[in-house]
Protein chains: 2
Amino acid sequence: MSGAARTPRIERVLPCVGWLRRYDGGLFRSDALAAVIVTIMLIPQSLAYALLAGLPPQVGLYASALPLVGYALFGSSNALAVGPVAVVSLMTAVAVGQFAAVGTPEYLGAALVLALLSGVMLIALGLLRLGFLASLLSHPVISGFITASGILIAASQLKHIFGIEASGHSLIELSGSLIEHIGEVNLPTLVIGALATVFLFWVRAQLKPLLKRIGFGERLADSFAKAGPVAAVIVTILAVEFLALDAAGVKVVGTIPQGLPPIAMPPFDPDLWQALLPSALLISVVGFVESVSVAQTLAAKRRERIQPDRELVGLGAANVASAFSGGYPVTGGFARSVVNFDAGARTPLAGVLTAGGIALTALLLTPLFQHLPKATLAATILVAVLSLVDLGAIKRTWVYSKKDFAAMMATILTVWTVGVEAGIIAGVSLSVVLFLARSARPHFARLGQVPGTHHFRNVKRHEVITSPEVLSLRIDESLYFANARWLEDKIYDMAIEDPKLRHVVLNCAAVNEIDASALESLEALIERLEAAGVSLHLAEVKGPVTDKLKRSDSFCSHAGRIYLSHYDALAALDPETTDQADKGARPERSTAAMHLSRKAEGA
Amino acid sequence: MSGAARTPRIERVLPCVGWLRRYDGGLFRSDALAAVIVTIMLIPQSLAYALLAGLPPQVGLYASALPLVGYALFGSSNALAVGPVAVVSLMTAVAVGQFAAVGTPEYLGAALVLALLSGVMLIALGLLRLGFLASLLSHPVISGFITASGILIAASQLKHIFGIEASGHSLIELSGSLIEHIGEVNLPTLVIGALATVFLFWVRAQLKPLLKRIGFGERLADSFAKAGPVAAVIVTILAVEFLALDAAGVKVVGTIPQGLPPIAMPPFDPDLWQALLPSALLISVVGFVESVSVAQTLAAKRRERIQPDRELVGLGAANVASAFSGGYPVTGGFARSVVNFDAGARTPLAGVLTAGGIALTALLLTPLFQHLPKATLAATILVAVLSLVDLGAIKRTWVYSKKDFAAMMATILTVWTVGVEAGIIAGVSLSVVLFLARSARPHFARLGQVPGTHHFRNVKRHEVITSPEVLSLRIDESLYFANARWLEDKIYDMAIEDPKLRHVVLNCAAVNEIDASALESLEALIERLEAAGVSLHLAEVKGPVTDKLKRSDSFCSHAGRIYLSHYDALAALDPETTDQADKGARPERSTAAMHLSRKAEGA
């Protein structure tokens, strides 16, 4: 709050004004170096992710140019590298695939609409400060989702590596289709795909230590290792050109139109827009959660801060820019941002420079990629996404919490059997229901007075004096719709069990809210208890809750009293027992015996 | 719990064994009288609600026979009268109308499937003790839903009263269609419909007091008043017969097949079953919530109890019975159950006797209804549903809670503009999101030591001593996915604001759970704070939470310590300040001043 107050207003709207004002040559040299390295890494990735999204390769380049400028203007992270990423590309393919066939202008148009809708949604969420909605995606759900999608994406790339046709949105459909077509494997494609995959895995795992052993410095070794995909791209292009492998059935990227990203208008078709809304929402939320956790991790390393609401606007601007420059939905990528950070990016200008590099590539270098085998791109994707798979997280979650594990597995299995969108929905729904289920059956304790004090404690844990006529209860949860009726029944049952009972005192010290459903249940409970000759009182009700209860006429006219402290209630309702307890009398034999027997039950 | 233990096992499975064992002639006379009155009330209602559901009239009778026996065997309420009800009939029409045209065998088949699915779901929810899912329908949502549906149903009946064609599932479509066709009004139909409506409103409001004034007893007057619809039915049938009004364009019910409810098999079509699942779930939950609140209200009047899980099984059995005897989804009706109760029903046998009465009607009396005008049935529905409309509840909710009001209005407006199913979903989603939103931004307080004691209290509300090196915080909510990241940021920001700070102590006395997302956030917070030279400690962590935290290796290796009490933590981390506070030193001028200035801000 106070930090925001110190920031000039213009910087709150356009964070770039802040860092541009302090910009200098040293920052530029850092940013420019990072931009070169990220551009080299981004070229094969953007082509590959476009392939994964079912879009022409140049769309990947377009999505890596203007969107980065959009983010640089409005985003708050200095290191986040925005562009096409694996999971969002898969989600785009699934969403758009429902309304158009791959390769048609309608498919491309729907991808633009998806980018526009998710951009507008992200901006709206940011301006309305609704970033909290993203927190409904719990860590286990998002981690399970990424792992499951990673494996699904890897499986979807096998067809390119084997050079066969296969399709399907779920792992089951996909593997069925792969097995069916496995006889049609194209040997030259498989050789290229397999060699590229093995090479890229080797680069990732072995090259950096090797380079360091033979005398390279840490940073140079790292940069070489990151350029592995570029080497694979160059070598396989040369192999296709010199061995004429495309004639032997190796599928290549083909002619990519040369030129800067076009100014595009997403088609205006209200039915399509409405139909794409749910997918756009899911893509926005998943992209935001992914991106913000990367940005936060990197910001923390330099003791900087990112502002989630500004991130929403920044990513929104990136997606709107993508929609109007021939791209598709984008977000902050994990590996790419880490490279950007390690290479020394100090301000979002690094992103702008990267965008320039990609724009130059689109303008000048696309003819070079004509003979690039799709199998090489598939190998790039395969190696990248398998690094997202985190099976250790599944085990850690199992050990820590069975409930979180259930939500995680629901996500993973639904992604594999039904699809990515259903997976997210299943995971979020189950985590919300499991959370509500806990607060729907809240812990509550029967209280008694600690002898010689005015304190009231759980009869199961302390030696206390209880009144024969007054039942004292404490509920450790707000009273709201999910637990209202259950508590109504529970309290009623406890109250009518003992015919000597005249009063129930509900201790509300832990009750932060009583909603309209709980109010109705309290009123119903008061009536039911009244019919049984028992009256209900409240004690230690918090100020805001009391204010609210006073607004209900029927509650005020029927309820017993609201006592300031539990002791006041008992002193008024059963002065005799309270007197004894005040004098420090030990609990009666019967109470103590009950207390012990309950302990024996392990209660 | 203990109540259930005392009940013999057979009665827990078949509650009817219990009351049949204690059955006698006195109970039978009570039950039989109630059955006669309910049967007379149920005949026109069952014909009318079948019309509302778009089904042939006899289906209403079938749904009022065997289902009552199913409920009597397994249900736990002595007064609940099961059968077709308005809201569920409308929901059936909407659900089934998506897959088949009114009047086709497929339409009837789909209604049977819907009854079967919702019956099986209710039984499953009961056996799995998942009744709590129904509590996700908060009081304001269900009340808004009933009011909105009541008005929607009333509007849908106007076409029968005007004798015109009109269609539409939302209020907007419906009123558009009504206005379009208003020129085609059939005068004799309008006269019958209008007179029947006025008569029924008069009976409801005026007849009972009138009869009492002229000397009738309370109960007899009541019974006559409830027979109003029967009188309207008889008079309008005679009018049609003697004036040959059907030739003048008055639509009549027509020939109703004579005979006992048939043994029917719901068609087995996996695609249809799957497509109807969501509707069946909504119908089950809405029906259950409606029914259980009626049953509970009536049981409380005689100090009896109903068991929600048994109710689920009872209603489930009723729906399964309906599916196999040519009926459609049923539930406990409000008005009908009150009549049953007032007429003296003492056991579920009253329902079995009513079922017998309806079966006899289906066998012998259906020819009498051939000339019954649809306008009369529409008038019956109109008058019945307008009594469900509770505009006062909208105002009461507005006064009591704006959040509940928002959920209620979302339900009402969505029912009117989109439809009944969307309305329920909108209301439930909004109430859940608003609830999560509150716990996503929980209350938290900065603590200080009350001089001369070991107590720590909110610095904004008490004169306390705070340590310059240790930040003490208390969070009044469980830590879970919806608030984890927000709290991580909040605590980090507060901790790095003051460069003198060395430690943060988090008081967890109000934390009932730390889920996997919150654990990851805590771990991230520990790392981020460590980088800033600040260490995080926990105090007063509840036993089960500590046990869980111990399962996480990375948490245990990085966190500071978990202290038993907040005082222990401060005494270890800043013994100097603690010493001063122990000696009862007053807060320093600066602290006190801060304290006062905060008070002035109204914090």
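I count a salt bridge when a side-chain nitrogen of Lys or Arg lies within 4 Å of a carboxyl oxygen of Asp or Glu. On that basis I get four salt bridges between chain B and chain A. One of them I looked up: Glu513(A) pairs with Arg438(B), closest N and O atoms 2.8 Å apart.

Ground rules: this is a predicted model, where local features need pLDDT of at least 70, side-chain atom pairs count only at pLDDT 80 or more, and totals for chains, interfaces and linings use all residues. Residues are numbered from 1 along each chain as its sequence is written, chains are lettered from A in the order written, and side-chain values use heavy atoms, without hydrogens or water.

Next, the interface. I find 60 residues of chain B in contact with 60 of chain A (heavy atoms within 4.5 Å). The two chains bury about 5400 Å², 56% of it on carbon and sulfur atoms (accessible area lost on being put together, 1.4 Å probe, summed over both).

Then symmetry. Chain B goes onto chain A by a 180° rotation with 0.0 Å of shift along the axis, RMSD 0.1 Å (least squares on C-alpha atoms with pLDDT of at least 70 in both). That is the relation of a two-fold axis. Both copies use the same surface, as 100% of chain B's contact residues recur in chain A.

Last, a helix pair (DSSP runs of H or I, at least four residues, numbered from the N terminus). The axes of H11(A), residues 187-213, and H18(A), residues 374-386, come within 8 Å and cross at roughly 35° (lines fitted to C-alpha atoms over the stretch in contact, angles from 0 to 180 degrees between N-to-C directions).

Technical notes
Helix = DSSP H or I, 4+ residues; strand = E, 2+ residues; numbered from the N terminus.
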